[in-house]
Amino acid sequence: MLKHLFRAWRPCLLSFVLTISACANFSAVDKPLTQWKPALHERMVDQLSGERSPELLVFLAFSGGGTRAAAFAYGALQELAHMKVVTKNGPRPLLQEVDVISSVSGGSFTAAYFGLYGNKIFSDYEERFLRKNVEGELLAEVLNPVNWFKLMSGTYGRSDLAAALYDKILFNDTTFSDLQRPGAPLIVINSTDLATGLRFPFISWVFNMICADLDSYPVSRAVAASSAVPVLLSPITIKSFAGTCGYEPPAWLKDALKEKGITSSRKMEARGFVEYFNQKKRPWFHLVDGGISDNLGLRPFYNVVNLVGDPRSAFADLHHSDVRQILIISVNASANPASEWTLERTAPSLSEVIEAITSDQIGRYSTDTMDIVASSFKLWAKQISTPDRPVTMDFVEVSFQAIQDKAKRRYLNNIGTNFDLADEQVDSLISAAREVLRASPQLKNFFEISRENKYQRK
């Protein structure tokens with residue numbers, strides 16, 4: 001009797017489940033900013049000073065590329081922790097002088113964890129993430145019937161499930177307020193706005209524009225958005241509350257909009273942000289892999305000066321009006337694997353197509369980005385230099401191409417972008433990043449200049 005009743009009511013039960021799941025908003029974590037104040041921006045800028053030297057402006061960028069990128073970035077952090085630079089406070093580990101870490105995709109895991117926990121990363125990060133089969137654990141979550149109800153809702157996707165897993169294994173339910181620990185560098189986690197293709201950084205002045213509270217936003221969701229490869233993972237969605245908190249656009253944004261020339265990069269970037277003010281036009285932001293808009297994580301450094309329009313004012317805003325040395329380190333884990341499918345008539349598989357898009361195609365754009373950033377900062381350093389106070393700029397690229405040993409370089413280039421690497425692969429990536437940094441002539445030049453400047457103690 002019960003069996004027959006169940007059969008009769010089964011379509012109704014299924015309809016009920018689908019209706020309820022469609023109405024539920026399982027990923028509703030966005031909170032409005034009740035009142036915007038200029039002090040919110042100042043608090044972010046204050047984090048750039050800390051105990052770091054105002055004469056040194058050090059930018060660190062982590063590229064995308066799954067666990068490959070995360071391990072390569074981790075190796076760079078290890079080496080920077082062992083390198084000493086001369087400052088007014090005496091010799092200090094170069095890692096302690098890093099002002100900003102900008103990251104995308106796989107590199108965002110390492111950036112976020114270091115931002116949250118500092119040197120603790122060297123004691124447990126390998127076990128908690130780099131040497132863990134994160135890919136397998138995520139697949140198990142997707143196949144778990146307990147999660148199917150959420151996944152059918154239309155408001156909860158695979159990236160939401162991934163964010164929950166990242167909290168469980170790595171981020172411990174932390175929010176962006178936890179990234180404001182004393183002495184920590186400013187962490188800029190980058191994603192891509194799927195509607196416009198523009199870079200969407202998880203940073204206070206962007207959240208201020210849409211009157212959303214960044215402090216309460218989970219770090220795990222920002223990292224999930226930054227690494228949400230389209231097709232494989234769903235977008236992370238953020239609600240806009242624009243126009244409800246009294247936000248006032250900064251002067252540089254208004255100036256950028258007035259700039260002559262339709263194709264001005266500064267003006268086009270400003271126009272993209274202006275759209276954020278219209279909640280009716282943009283009530284939701286669907287965010288995907290940051291590597292689509294900038295796979296190196298270098299664009300924030302260029303934009304922060306380019307949008308302001310004046311390098312001297314921009315560096316003053318960053319609490320570095322007395323800067324003498326600018327150092328940009330790009331930890332680039334992009335690879336050039338041997339593509340055997342190019343030798344066959346058969347079309348490449350879906351995974352091979354995604355790999356080609358996320359490595360070869362984005363790699364070409366990344367080369368242009370490096371050229372723009374390096375040449376622009378050299379020009380800006382020259383513009384703010386004076387005869388008695390020259391400002392220098394060194395650009396360091398940490399990449400597989402800098403590995404001299406051909407066999408080792410070939411091995412690194414054939415490591416995939418998945419989130420499940422063998423211990424041998426992780427070891428090789430870590431040691432390779434350290435090796436490239438130690439051998440970098442640009443970094444050696446930076447250290448030599450810091451010694452020549454003979455900074456006086458305070």
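Student: Where in the chain is the place of S177, and between which elements does the loop that holds it lie?

Tutor: S177 is placed in the loop between α8 (158–171) and β5 (186–193); helices (H or I, at least four residues) and strands (E, at least two) are DSSP runs, numbered from the N terminus. The model is predicted, so local features need pLDDT of at least 70 and side-chain atom pairs count only at pLDDT 80 or more, whereas totals for chains, interfaces and linings use all residues. Residues are numbered from 1 along each chain as its sequence is written, and side-chain values use heavy atoms, with hydrogens and water left out.

With a relative accessible area of 34%, S177 is partly exposed. On this scale, buried means under 20% relative accessible area, exposed means over 50%, and partly exposed lies in between (1.4 Å probe, protein chains only). S177 and Y217 are separated by 40 residues in sequence, yet their C-alpha atoms are 8.2 Å apart in space.

Helix α10 covers residues 219–226. Because 8 of its 8 residues are buried, helix α10 is largely enclosed by the rest of the structure. R221 is among these buried residues, as are V219 and S226.

The strands come next. Strand β9 (residues 325–332) pairs with β10 in the parallel sense over 8 bridges, where two strands pair if DSSP finds at least two bridges between them. T392 in β10 is the bridge partner of Q325, and V396 in β10 stands opposite I329. Strand β1 (residues 56–62) also pairs with β9 in the parallel sense, over 7 bridges; here I326 in β9 is the bridge partner of L57.

Strand β9 is mostly covered, with 8 of its 8 residues buried. Q325, L327, I329 and V331 point one way from β9, while I326, I328, S330 and N332 point the other way, and all are buried. In strand β10 (residues 392–399), 6 of the 8 residues are buried, so this strand is largely enclosed by the rest of the structure.

F377 touches residues that include I326, I328 and M393, not counting residues up to four places away in sequence; contact means heavy atoms within 4.5 Å. F377 and F202 have the most contacts inside the largest nonpolar core, which has 128 residues. Such a core is a set of buried Ala, Val, Leu, Ile, Met, Phe, Trp, Tyr and Cys residues joined through side-chain atoms within 4.5 Å. Helix α3 gives the most to this core, with 9 residues.

T67 is found in helix α3 (residues 66–82) and is buried, with a relative accessible area of 1%. Not counting residues up to four places away in sequence, T67 touches F129, L130, T417, N418, F419, D420 and L421.

F129 and F419 also belong to a cluster linked by ring pairs, together with Y74, F109, Y113, Y117, F122, Y125, Y166 and F171. Rings of Phe, Tyr and Trp (its six-membered ring) pair if their centres lie within 6.5 Å; planes under 30 degrees apart count as stacked, over 60 as edge-to-face and the rest as tilted. A search of the whole structure finds 31 aromatic pairs. One of them, formed by Y113 and Y117, is tilted, at 4.8 Å centre to centre with 55 degrees between the planes. Both tyrosines, Y113 and Y117, lie in helix α4 (residues 106–117), 4 residues apart, about one turn of the helix. Y113 is buried at 0% relative accessibility, whereas Y117 is partly exposed, with a relative accessible area of 22%.

Another pair joins W205 and W252: the ring centres are 5.6 Å apart and the planes stand at 90 degrees, so the pair is edge-to-face. Since W205 lies in helix α9 (residues 204–209) and W252 in helix α11 (residues 251–258), the pair ties together parts that are 47 residues apart in sequence. W205 counts as buried at 17% relative accessibility, and W252 counts as buried at 19%.

Charges over rings complete the account. K120 lies over the face of Y117, at 5.1 Å from the ring centre, and K239 lies over the face of W284, at 5.0 Å from the ring centre. A charge sits over a ring if NZ of Lys or CZ of Arg is within 6 Å of the ring centre and within 35 degrees of the ring normal.
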